[in-house]
Every structure is written in structure tokens, then in C-alpha cells.
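Please read it with the structure open.

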Amino acid sequence: MNHVERTVAAIKAKFPEAVESVTEFRAETTVTVKPESIVAVSRFLRDDPDLNYNYLADLAGVDYYPDEPRFALSYIPYAMAVNARLRLKVFLSGDDPQVDSVSGVWRNADWYEREAFDMLGIQFNNHPDLRRILMPADWVGHPHRKDYPLGYEEVQFSFNWREIDSKKPYAKE
Amino acid sequence: MTDLREVETTLDQLRHLFTERAFSGETMVLNMGPQHPSTHGVLRLILELDGETVVRAIPDIGFLHTGVEKNMEAKTYLKALAMTDRLDYLNNIGNNLTYCLAIEKLMEVNVPERAQVLRVLMAELQRIASHLVWLGTHCIDLAALSILLYCFRDRERIMDIFEMVSGQRMMTTYIRPGGVWRDVPAGFEEAVKDFLEYLPAKLDDYERLLTNNPIFKMRAQGVGHISAEDALHWGMTGSSLRGSGVNYDVRRAMPYCGYETYDFDVPLETGGDVYSRYLCRMREFRESLKICRQALDRLPKTKGPVMTADRKVAPPPRSELSTSMESLIHHFKLYTEGFTPPVGEVYAATESPRGELGVRLVSDGTPKPQRVHYRCPSWANLQALTTMSEGCLVADLVAIIGSIDIVLGDVDR
């Protein structure tokens, strides 16, 4: 039994009702947990001396639009001492995506959560500083959502130069 | 003229970041960047200063945000590869490599031995090139201006090797899913050999110039200290973490491309300051050279293809196109429609010159990725700046930014 299997067993034993599913794909184990218990599970993973997931490698969201639940967040904690990587996953509804922040557990989740907030519009409760991080502060919309258009610049030729130029967002007086 | 009310609302949103003293006028809030030569790109720092001492330094990023991840979702896997070069513009090979490793993991593609050796060789050359830029710019921050010119002179030789191999100096897109683009041309091995013989003497020069230089030591020692525990908590990786005494290197922890078969050390320092990070990186040069030499030795012994035979991801050889109709169709389909990985999610990580570079790839079974997320080492390392810079001088802040070796293309993506 390797460390990841032990971890999964420990999570299941400690939080029997929080675990929704455990899947394995390409030698990576994913534990899907209920959104309301993500902080408790994270804290358990970090603080339990046998598990000791002391470092959060990555945290990012996915938009499964138009499916429901629409959003998913993947947390990748890493136990440096035993070299084990796990994935925690939570699914969030599209109407009101919100989840508790784990930045109190792993400090570096701070910026990752701000990115997920900025790009996907997921609300993180109890986050110390939930502002936009990559987009300007007055930006409208969340660019990484699938229903957010990619956008492009129309190609200007000599015959339609003025027509397109008049629509361009130049700085105005 | 800027609207004063606008300024006030902006300040109000940032109120929780500063101490109360900032609002009584006891300390001063000052803007540094985004166009500041010592921020290594377009990084804006909001500083709260007590005289010349930094009380808080709050990074404000996003000025170089290009939406590469969003754009990749709209392209096939192969087309999206060309965008990965542009993320961390000092680690183009590494960006390609991590993305390709994720695809290969997702599709269970085996990469031929020779391609693995070439990947390692290229990745290590890239690491040296990146470290040379770091050394040059870091020394400028510490007022040693001439080093940059030496470093760029040496880096140019690596750029020449890249150009020889891929036709491009920087945006190589040399590493492809399933292998590498092409085998190396004639004269490649001599060029690399020349470089490997050339660099050690130059490194000795730089170390003579810097390592025991009292001015350099005064600027670097004891500055920007971060403990191992804090560094881990902030998710720092790479030499910035190893400078604090945590032995974590993805090449060792989770080897890829056969790194486990190479003999190299992971430099470790325990000081946790700018000087320790400097020492770590300087020793990493030598380790990278060591790996390069081993890879170069293996190159003549591993004759064979440099691209996988799995026709799901690799195009058919050129020679087949004129004789086989199926190959022609296959070639056309591969480059127009692209390949379709199974539904799933993978995470692949490599050791970039800055730390753990991870790619999280989510596939929905179509030829375009559902989501690509780059876990960039600069992003994580920059987060720790606030902790590292508490109580230092403004001039030291510049040294700290240089020592964590951020690339803003990597931070903002």
C-alpha cells in the first residue's frame, strides 16, 4: 500500500460522508469531495503527521459549460517527505459557484484562488484578499468561462479601413 | 487628469493590505513599476515605506497577461504547442516539454530513446541559458554592470545551437508530442562539445568576480531571508526553495525523460537569503553541464527515430506520402483535425530553471483541450516576496526580486 492509497483510506475513514468518489487515471488518484468539507480535508491532509501534505503544488478551476455541475476545482497537494502527489476535486454549481478558501491551510492558495475568482468567477469564502489578479480591477466578466467569447481583431483592408477604424476602442478625449 | 475619486476607491479596496500607519501619514505608500528596470519586466509593486524601510511590498501583476491558456482551448493540441513557447520566454524548451509530457501521459505515448536524450540535452542547455540571463540581470540589480555583457555573449552560443537544431533562436517549438521535431543536424555534437568546454572557464571567471567580492556579499548576505517552513508554505520551488535548505527537485522526486539515469547533484544551501540562492544557481550551472556531457555521450549510442511510431500523434514519414494514399489522408487529418486524447485529467511537472513547472491538462475527448493550466514557478515564488521583503531596504528589495529569478511572462501567462 503506497502513501496515496493510505491517504485515500485515511480520508475515507475520517470523512466518510464527504468523499463522493475516488478515481484513478494514468497513475494519478483523484478524490472528489463535497465542497463544504474541502477545508477540513485539506487541513487533515496537512496536519496529520502520517500524511504530511506540506505543499500545495497547484490549484486551478475548469469550466465544463454547459454541463452541470459546471465548475470543478482541482487541488494538488504534495507530500514532500514521501514524494506523493494527490488530487482533490470539488464540483461547483454554475448558478452560485462558491467554496471555502484553503488559503488558511496552504498560504500559496491565496493567489491561485484569486486567479480562479478572476478567470472563472468562483467565490472563495473567508479569503483574505479576494480581488482580481490578472485582469484589470474594473474588468467585466470572467474570461476563462466557456461562454466568454475569445475575441479577435477584424482585419483592416484599404476598402474597409475607415469603417473598422471607427469601431476601434482608441483612447478618447 | 486622473479622477481623484477613482484613486480613492482604488485605495479603499487595498486598505486591508496596509497598516493603519499608512492612513495617518506616518508611513508612505509608493508605487514601484510597472515600467521599472529592476522589476525584470512589467511587475508593479505597491510599497508601504517607513523612511527607506519596506513595511509591506504588495505585488500587482497581470500587465503581461496574454490569455495563452484561453487561446489554447480554442486550438488543437498541436497548434496550442506553439503558444507554450511564449509563456516563460527564457525556458521555451521546458514549456514545450512539460506540455508534451502531459499529452504523452494522457495518450500513453512512448517516446523513443534518442528523443529522450535530446530532450534532456536541450532542457539542460536551456537551463544554462536561462541561468545566464538570471546572473546578468541579477548582477545589474546589485550594480555590477559588466557581467550582463559576458553572460549574453555566452548565451548567444546556446542560441546558435538552438537555431542550428530548430531554425529559431528562442521560440523553438522543438519538442513535439511523441518526440522531437527532427534529428539534430551534422555539426551539432561538435557545437555542443565546444560550448561545454568553453563555459566552465567562464563560470570560474564569474565566480572569481562575485562569490567572494565584499561588495557583492554585503548586498546579498542576510538579505531577503526566508525560512524553509515559510518557503514551503508559500509554494516556492527551484533554487529559491533549495537556497532555504529544502531538497526538492522534480528531476529527482518524479523523474521524467530518464533523468533518473543521469548522475548529478542537487545543490543545496541553508542560508535562505539572496546569497544562498545565488550559490545554488551557480552550482546548478556545473550540474547542468555535467548532465549535458552525459547526454552528449549517449547521443551517438542511441541511433534511431526521434519521433514515436504511434501514428495517433506522429505524422507519417515524408517518404510515405508520395506512395501511400492512406498516409496522405492520415497526414492531412492529423494537421487539420488533430488527435483526440481520451477523456481525463493529468498533471505533468518538470524542473524549470525557476522551479516546478506543471501542466494540468483536462481533455473532454475532442481534438481541443478543455483546459490547460500552467503551474508556473515564478508565480508561486513571487507570492513569497511580501514575506521575504518585510523590513528590508528598497535597494534590497531589488536584490530579492533578482534572486527569485522571476520571468513576468511566466507569472502573467
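**Notes on the sheet and the helix pair**

1. In this predicted model, L49(B) has V54(B) of strand β3(B) as its bridge partner. The strand β2 (residues 44-50) of chain B is joined to β3(B) by seven bridges, and the two run antiparallel.

2. These strands belong to an open sheet of three strands in chain B, with the order β1-β2-β3 and antiparallel pairing. β1 (28-32) and β3 (53-60) of chain B are at the edges; each has a single partner strand, so one side of each has no neighbour in the sheet. From one strand to the next, the twist averages 25°.

3. A helix also packs on this sheet: α18 (residues 394-403) of chain B, which touches β1, β2 and β3 of chain B. The direction of α18 makes about 145° with that of β2(B).

4. Two packed helices are described by the angle between their axes and the distance between the axes. For helix α1 (residues 3-14) and helix α2 (residues 38-47) of chain A, the angle is about 130° and the axes lie 11 Å apart. Because of that angle, α1(A) is oblique to α2(A). The crossing of α1(A) past α2(A) is right-handed.

5. Which residues make the contact between α1(A) and α2(A)? On α1(A) they are T7(A), A10(A), I11(A) and K14(A), and on α2(A) they are V41(A), F44(A) and L45(A). Sorted by class, the contact of α1(A) with α2(A) has five nonpolar residues, one polar and one charged.

Conventions
Residues are numbered from 1 along each chain as its sequence is written. Chains are lettered from A and ligands numbered from 1 in the order in which they are written. This is a predicted model: local features need pLDDT of at least 70, side-chain atom pairs count only at pLDDT 80 or more; totals for chains, interfaces and linings use all residues. Side-chain values use heavy atoms; hydrogens and water are left out. Axes are lines fitted to C-alpha atoms, for helices over the stretch in contact, and angles run from 0 to 180 degrees between N-to-C directions. Helices (H or I, at least four residues) and strands (E, at least two) are DSSP runs, numbered from the N terminus. Angles under 35 degrees count as roughly parallel, over 145 as roughly antiparallel, 65 to 115 as roughly perpendicular and the rest as oblique. A crossing is left-handed if the near helix is turned anticlockwise from the far one by less than a right angle, and right-handed if clockwise. Contact means heavy atoms within 4.5 Å. Ala, Val, Leu, Ile, Met, Phe, Trp, Tyr, Cys and Pro count as nonpolar, Asp, Glu, Lys and Arg as charged, and the others, Gly among them, as polar. Two strands pair if DSSP finds at least two bridges between them.
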